[in-house]
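Here's a quick tour of a few local features worth a look. Have the sequence and the structure open as you read.

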Amino acid sequence: MWQRSVCVGLLALALGYLCVLGPELPPAALRQLSASLLGTLRRARSLEARTVAAWQAAIVRPARGWARVAVGVNACVDVVLSGVKLLEALGLEPSDGKNHAVLNSRQDLREAFAHFMERGAAAERFFSDAEAFQAIARTASEHPAAQILLCGPVGPKLHELLDDNVVVPPESMQERDEFHLILEYQAGEQWGKVRAPAANRFIFSHDLSNGALNMLEVFVSSLDEFQPDLVVLSGLHMMEGQSKEMRHRRLMEAVASISDIPTDIPIHLELASMTDQDFMSNIMHQVFPLVNSIGLNEQELLFLTQSASGPHASLASWSGIPDVGVVSDILFWILKEHGKTAERASDLTRIHFHTLAYHILATVDGHWGNQAAAVAAGARAAGTQACATDTIDTSKVFLKAPLEFVTSHTEAPSKISLNPDKPVVHWHREGISFHFTPVLVCKDPVRTVGLGDAISAEGLLYSEVYPQ
């Protein structure tokens, strides 16, 4: 760090000396020397500082924004605390990790937490035993470091946390809140033999109201009066806590309700962690064609292609940073197979993919504008949210994205070298545009929960949908 400071100081002295000698030097020589020194000075800044400066120039407001946004239907109170400290408070000893589609006991919780902590991967699971979950929730809420974060069905605590500008239909009020427990862990944190390679969180709940999408019909019926410019949906993953028969029936009813939303109102669907491949496949075939945009992370993207035998479906899990070419191939396949075309009655034209090191926005040409600004704004939000700062502090973040990558593994790829002075990279493939930008990763994250929602929200804020 001190070497860079010395370099900058010497360059500044050199520029000042040039100004003094300027009258004695030919104009062409002065311009060439000045340009060379200024270029060296720019490169002397950190990669992170150069990226932030470039983002500032790239992030511009769209010509037309959203004045009224309707958000549903997954509402709850999140209790956020250290996962290791909660398990210790519950008297649970470290154990070998094991994935569980549903948590039926404290033993399952212990094994599932270890499984995902070891991988540094985000996950969410349903806890089937109501009485055991309530006991765990009481322990969590009594923990001195627990924080409550507002994240549908609205109980008294959730209603108390809402801003006055948030309109809650009276029909969505209920006597009890739904609580989700968010067990966070830091990069390098250990629990027994398990060491987390990255900061992340494990979520579990016994949430029956959101699991049954109880408020979906109320939400859709309220749109006539509210008249939104944009609808944001989430919570389909919560149905995994229901029986398969109930899940199938409720999904059909959800499809019917979403179909009732006027087609001139764009719909964004935010996905989340799931375990049932058949259910994921049903969502892809029945819900994706009804929405204009989806948001998802690397775990959800891989599970999606595995569920539908898409490209790279044989990949069991990501190894380190997800390969950009692999991600790009899957995004392309989703839009080509399930997105809007002249022959297919689908509204899906946009996917916002986010992972720790980078983000990609993939859009069908002619439907969305300002996507370079949108992907940069989402990446900026990831850095500020994780570090809990209003602006990005370059001393608290680092560039983790690959500096070189290929754009595909299924067609003749382009090889791209990342330039921090132009951090938003664009490429095109058969009528689909891709906008890529790195993320400045927080060295010591203050929060991990809600980052995906914040990223997608910021990306939507800076996006513009073209009238069709």
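His 312 is partly exposed, with a relative accessible area of 23%. Keep in mind that the model is predicted. You'll find His 312 in the loop between α12 (298-307) and α13 (324-338). What makes it worth a stop is the backbone: phi is positive, about 60°, although His 312 is not a glycine. Most residues other than glycine have a negative phi.

Ala 388 is another case, with a positive phi of about 55° even though it isn't a glycine either. Look for Ala 388 in the loop between α14 and β16 (397-399). Ala 388 has a relative accessible area of 39%, so it counts as partly exposed.

## Where α14 meets α15

Now go to helix α14 (residues 371-387) and helix α15 (residues 451-461), whose axes come within 8 Å and cross at roughly 145°. The crossing is right-handed.

Which residues of α14 and α15 meet? From α14 come Ala 374, Ala 377, Gly 378, Arg 380, Ala 381, Ala 382, Gln 385 and Ala 386, and they meet Leu 451, Ala 454, Ile 455, Glu 458 and Gly 459 of α15. Sorted by class, this contact of α14 with α15 has 8 nonpolar, 3 polar and 2 charged residues.

Helix α10 (residues 244-259) has 16 residues, so at 1.5 Å a residue it should span 22 Å; the end C-alpha atoms are 22 Å apart, which agrees.

The buried residues of α10 are Arg 247, Arg 250, Leu 251, Ala 254, Val 255, Ser 257 and Ile 258. Around the axis they cover an arc of only 160°, so they sit on the same side of α10. What do the buried residues of α10 pack against? Their partners are α9 (216-226), β10 (230-234), β11 (267-270) and α11 (277-286).

## A buried alanine in a loop

Last stop: Ala 272, in the loop between β11 and α11. Is Ala 272 buried or exposed? Its relative accessible area is 17%, and buried means under 20%, so Ala 272 is buried.

Leaving out residues up to four places away in sequence, Ala 272 touches Glu 124, His 237 and Glu 300. There's also Met 238, 34 residues from Ala 272 along the chain, with 8.8 Å separating the two C-alpha atoms.

Notes:
Residues are numbered from 1 along each chain as its sequence is written. This is a predicted model: local features need pLDDT of at least 70, side-chain atom pairs count only at pLDDT 80 or more; totals for chains, interfaces and linings use all residues. Side-chain values use heavy atoms; hydrogens and water are left out. Helices (H or I, at least four residues) and strands (E, at least two) are DSSP runs, numbered from the N terminus. The expected span of a helix is 1.5 Å times one less than its number of residues. Buried means under 20% relative accessible area, exposed over 50%, partly exposed in between (1.4 Å probe, protein chains only). The arc is that of the directions from the helix axis to the C-beta atoms. Contact means heavy atoms within 4.5 Å. Axes are lines fitted to C-alpha atoms, for helices over the stretch in contact, and angles run from 0 to 180 degrees between N-to-C directions. A crossing is left-handed if the near helix is turned anticlockwise from the far one by less than a right angle, and right-handed if clockwise. Ala, Val, Leu, Ile, Met, Phe, Trp, Tyr, Cys and Pro count as nonpolar, Asp, Glu, Lys and Arg as charged, and the others, Gly among them, as polar.
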